Amino acid sequence: MRFTANAPVILASASPRRKELLESLGIEFSIVPSLKEEPDPSKFQTAVGYVIECALLKAKDVAKKHPEAVVIGSDTVVVLDGEILRKPQNKEQAQQYLRQLSGETHDVITAVSIIKGGSEQTFQEITRVTFYDLPEEWIEAYTSTDDPYDKAGAYGIQTMSGLFVRKIDGDYNTVVGFPLASLTQKLTLSGYISLEGSHVHAD
């Protein structure tokens, strides 16, 4: 299956994972990363409120300059016992995150904001992820690579750290960083994309 974009589409993210997932639809799009600073998570009552605001800020920032386009902003956080684990700043923090996640179940929340002109849609998906107990040597070996440092919670389910995951409950792509199935439904229902050759919208 391939889709056709019925308007210019902009991904307001530099994430290579989001780029790859959006490319899988077959649509043409451009990448214009937002330069907005993410807000302080301590100022939000819930992790969901925080991640929604981050996605919305990114989309609005780019949409201001491209009112003709469908702009897609997104953000992902890992949440353990109410604590938001963002991208680790250094090896010590990455190791701390992985020790906290070891043997535990946490939430991965990805929010997506879709803006075109005056139309705005924002939604979020939550997937529950359970880790195996992680040997200290695994944590040391993994955090000695470059992989953890651009990922919320210091791991990526689609990379070697996927070996840490015992089970998930929810959409796998939400953990990767882009709930592609939900996004495709919303883009289709809005008429922004259609199945190639058919122009059939999702029900």
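## Close-up views

**View 1. Ala154 in the loop between α4 and β8.** Ala154 lies in the loop that runs between α4 (136-143) and β8 (165-169). In this predicted model, the phi of Ala154 is near 70 degrees, a positive value in a residue other than glycine. Ala154 counts as buried because its relative accessibility is 0%, which is under the 20% limit.

**View 2. Asp81 in the loop between β4 and β5.** Asp81, placed in the loop between β4 and β5, has a positive phi of about 50 degrees although it is not a glycine. With a relative accessible area of 77%, Asp81 is exposed, since values over 50% fall in that class.

View 3. Asp75, which UniProt lists under "active site" in an unreviewed entry, belongs to strand β4 (residues 70-80). Its relative accessibility is 6%, so Asp75 counts as buried. Leaving out residues up to four places away in sequence, Asp75 touches Arg18, Glu38, Val51, Cys54, Ala55, Lys58, Ile109, Thr110 and Ala111. With one of these neighbours, Lys58, the side chain of Asp75 makes a polar contact through its own side chain at 2.8 Å.

**View 4. The salt bridge between Lys58 and Asp75.** Side chains of opposite charge can pair when their charged atoms come close. Lys58 and Asp75 form a salt bridge in which the closest N and O atoms are 2.8 Å apart. Because Lys58 lies in helix α2 (residues 47-63) and Asp75 in strand β4, this pair ties together parts that are 17 residues apart in sequence. Lys58, with a relative accessible area of 13%, is buried, and Asp75, at 6%, counts as buried too.

**View 5. Helix α2 and what covers its buried residues.** Helix α2 has 17 residues and reaches 24 Å from its first C-alpha to its last, close to the 24 Å expected at 1.5 Å a residue. The buried residues of α2 are Ala47, Tyr50, Val51, Cys54, Ala55, Leu56, Lys58, Ala59, Asp61, Val62 and Ala63. The elements that cover these buried residues include β2 (9-11), β4, β5 (83-85), β6 (105-116) and β7 (119-131).

**View 6. Thr110 in strand β6.** Thr110 has its place in strand β6, and with a relative accessible area of 0% Thr110 is buried. A polar contact of 2.8 Å joins the side chain of Thr110 to that of Thr76. Not counting residues up to four places away in sequence, Thr110 touches Ser74, Asp75, Thr76, Phe123, Gln124, Glu125, Thr174, Gly177, Phe178 and Pro179.

**View 7. Leu98 and the nonpolar cores.** The largest nonpolar core holds 41 residues, of which Leu22, Ile72, Leu98, Phe131, Tyr155 and Leu183 touch the most other members. Leu98, leaving aside its neighbours within four places in sequence, is in contact with Phe131, Leu134, Ile139, Tyr142, Thr143, Gly153, Ala154, Tyr155 and Phe164. A second, separate core of 10 residues includes Ala47, Cys54, Ala55 and Val77.

**View 8. Helix α6 and the glycine that follows.** The buried residues of helix α6 (residues 180-189) are Leu180, Ser182, Leu183, Thr184, Leu187 and Thr188.

**View 9. The salt bridge between Arg2 and Glu196.** Among the 12 salt bridges that the structure holds is one in which the side chains of Arg2 and Glu196 meet at 3.9 Å, N to O. This pair links distant parts of the chain, with Arg2 in the segment before β1 (3-5) and Glu196 in the segment after β9 (193-195), 194 residues apart. Arg2, at 46% relative accessibility, counts as partly exposed, and Glu196, with a relative accessible area of 43%, is partly exposed as well.

View 10. The side chains of Asp150 and Lys151 meet in a salt bridge of 2.9 Å, N to O. Asp150 is partly exposed, with a relative accessible area of 32%, whereas Lys151, with a relative accessible area of 6%, is buried. Salt bridges that share partners join Arg17, Asp147, Asp150 and Lys151 into one network.

How values were computed. Residues are numbered from 1 along each chain as its sequence is written. This is a predicted model: local features need pLDDT of at least 70, side-chain atom pairs count only at pLDDT 80 or more; totals for chains, interfaces and linings use all residues. Side-chain values use heavy atoms; hydrogens and water are left out. UniProt positions are given in the numbering used here, feature names are shortened, and annotations may be inferred rather than shown by experiment. Helices (H or I, at least four residues) and strands (E, at least two) are DSSP runs, numbered from the N terminus. Buried means under 20% relative accessible area, exposed over 50%, partly exposed in between (1.4 Å probe, protein chains only). Contact means heavy atoms within 4.5 Å. A polar contact is a pair of N or O atoms within 3.5 Å; within protein, one must be able to donate a hydrogen and the other to accept it, and residues adjacent in sequence count only if both atoms are side-chain atoms. A nonpolar core is a set of buried Ala, Val, Leu, Ile, Met, Phe, Trp, Tyr and Cys residues joined through side-chain atoms within 4.5 Å. A salt bridge is a side-chain nitrogen of Lys or Arg within 4 Å of a carboxyl oxygen of Asp or Glu. The expected span of a helix is 1.5 Å times one less than its number of residues.
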